[in-house]
Amino acid sequence: MKILAVTACTTGIAHTYMAAEAIEEAAKSKGYEVKVETRGSVGVENELTAEEIKEADAILLACDTTVPMERFNGKKVLSVAVSEAIKDTGKLIDEALKAPVYGGEDLVDEVSRIKEERRGQRKGAYKHLLNGVSFMIPFVVAGGIAIALSFLFGYDAFQQEGTLAAYLMGIGGGAGAFGLMVPILAGYIAYSIADRPGLAPGMIGGMIAGQLNAGFLGGIVAGFLAGYIVKLIKKYIKLPRSLQGIMPVLIIPVLGSLSVGLILFYVVGSPVAAINAAMNNFLTGLSGANAVVLGLVIGLMMAFDMGGPVNKAAYAFGTGTLVAGAGSMTMAAVMAAGMVPPLGLALATVLFKNKFSNAEKEAGKAAWVLGASFITEGAIPFAAADPVRVIPSIMLGSAVTGALSMLFEATLSVPHGGIFVFFAIENLLGYIIAIAVGTVVTALTVGALKKTA
């Protein structure tokens, strides 16, 4: 038998490790193979891999805090308070082996599982960057929607103090959610590199990037700088065991923040700010054929690997073009092109029923919802079953949509949400036409290429 466990108490200091030790001893006394992931004040240690979870017979969660659950889909999972794992551990292990299976698996679940597996496969700088982007997105979505609602009262209505428009702008604008965008990005890049101790230096570095007008690029630089500086501090500064408790609350945040801040102010901040300004000027000046070509390339990238590295590179690029109070043509093209693959395949299952299995036709119903919600991964099950015909088809449809979105000069002021954020789009009619045309192109191409099932 192979038992996996996760332990996490609210303070992350004592009970997390006491429970881990108890589980390891109890499992070994029964002759079971065991591994315990701890989520303490110094971050995640001994993290469970996708391969280990796949091979496990049961998962025991002894946690007082929230832990990522998608990775355990389809496994026997027993969840208890961390204190219970210290008292009667052997009994809990027996119960875990009889526990119900966590989650089911329809198309939506399958997409979640694939996304989780891909997340586990990410490595190096790419993994750290996407971790920062994923934590930043909710702030940008909330801020962008609040700003868009403010504009419904008039473009300058927020300038009148005490009005609802002004309050909405206060929630979403630079003094609210959008002001947190770069610090969150930097903080969670550093978190990915150095775990929880990297968070404070990373977020402070992100705030400094804002002071230097270094924007999105400055946040990325600050995040990586903070993460690796904190790793060095953890590696080379060793305190006596009795003083180790001050490392995460005093030594690391103070030394890390000072180091990151001074390097940004004296060395890299100004060059990065200049690059950021040049990139924004280039994108702002794009029009006509150049913009269409950019939209076409974005469309190809969004559909190429459906949530993989190429797709995420295009998405991160689009997110970086967002600024408070202004829509982005690039971001609009990214979202439209990302919606088309599942929408086009869903339409194909309706138009060409004889070319899809019953399971694929059933999955097509869920693909409508996934596409409308801008979850490009909804196309993956279809592409996995027939990559030679499906991938070129969705790339063609997304490329058409990206190019048309740029041609129509549609803009979007939030980075996610699909049809639920259509009110934040300028030139909505042109945007819908771009998505509809790409969806039809995808469906017809798939129908022409696929053989009868």
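Phenylalanine 356 and phenylalanine 382 are both buried, where buried means under 20% relative accessible area, exposed means over 50%, and partly exposed is in between, with a 1.4 Å probe and protein chains only. Before I go on, this is a predicted model, in which local features need pLDDT of at least 70, side-chain atom pairs count only at pLDDT 80 or more, and totals for chains, interfaces and linings use all residues. Residues are numbered from 1 along each chain as its sequence is written, and side-chain values use heavy atoms, with hydrogens and water left out.

How many aromatic pairs are there? Rings of Phe, Tyr and Trp (its six-membered ring) pair if their centres lie within 6.5 Å; planes under 30 degrees apart are stacked, over 60 edge-to-face, and the rest tilted. That rule gives five aromatic pairs. One of them joins phenylalanine 356 and phenylalanine 382: the ring centres are 6.4 Å apart and the planes lie at 80°, so this pair is edge-to-face. It connects distant parts of the chain, 26 residues apart: phenylalanine 356 is in the loop between helix 14 (329-351) and helix 15 (358-372), and phenylalanine 382 is in helix 16 (residues 380-385). Helices here are DSSP runs (H or I, at least four residues), strands likewise (E, at least two), and both are numbered from the N terminus.

Phenylalanine 422 and tyrosine 431 also make an edge-to-face pair, at 5.8 Å centre to centre with 80° between the planes. Phenylalanine 422 is buried at a relative accessible area of 14%, and tyrosine 431 is buried at 0%. Elsewhere, ring pairs link Phe135, Tyr188 and Tyr191 into a cluster.

Now the backbone. Most residues other than glycine have a negative phi. Asparagine 46 has a positive phi, near 60°. Asparagine 46 sits in the loop between strand 3 (43-45) and helix 2 (50-55), and is partly exposed at 42% relative accessibility. Asparagine 427 has a positive phi too, near 65°. Its loop runs between strand 7 (425-426) and helix 18 (428-449), and asparagine 427 is partly exposed, with a relative accessible area of 37%.

Last, confidence. pLDDT is the predictor's confidence in each residue, from 0 to 100. The protein averages 85, and 91% of the residues score at least 70. Which element has the lowest mean pLDDT? Helix 5 (residues 107-121) does, at 62, while helix 18 has the highest, at 95. Where pLDDT is low, the predicted coordinates should not be read in detail.
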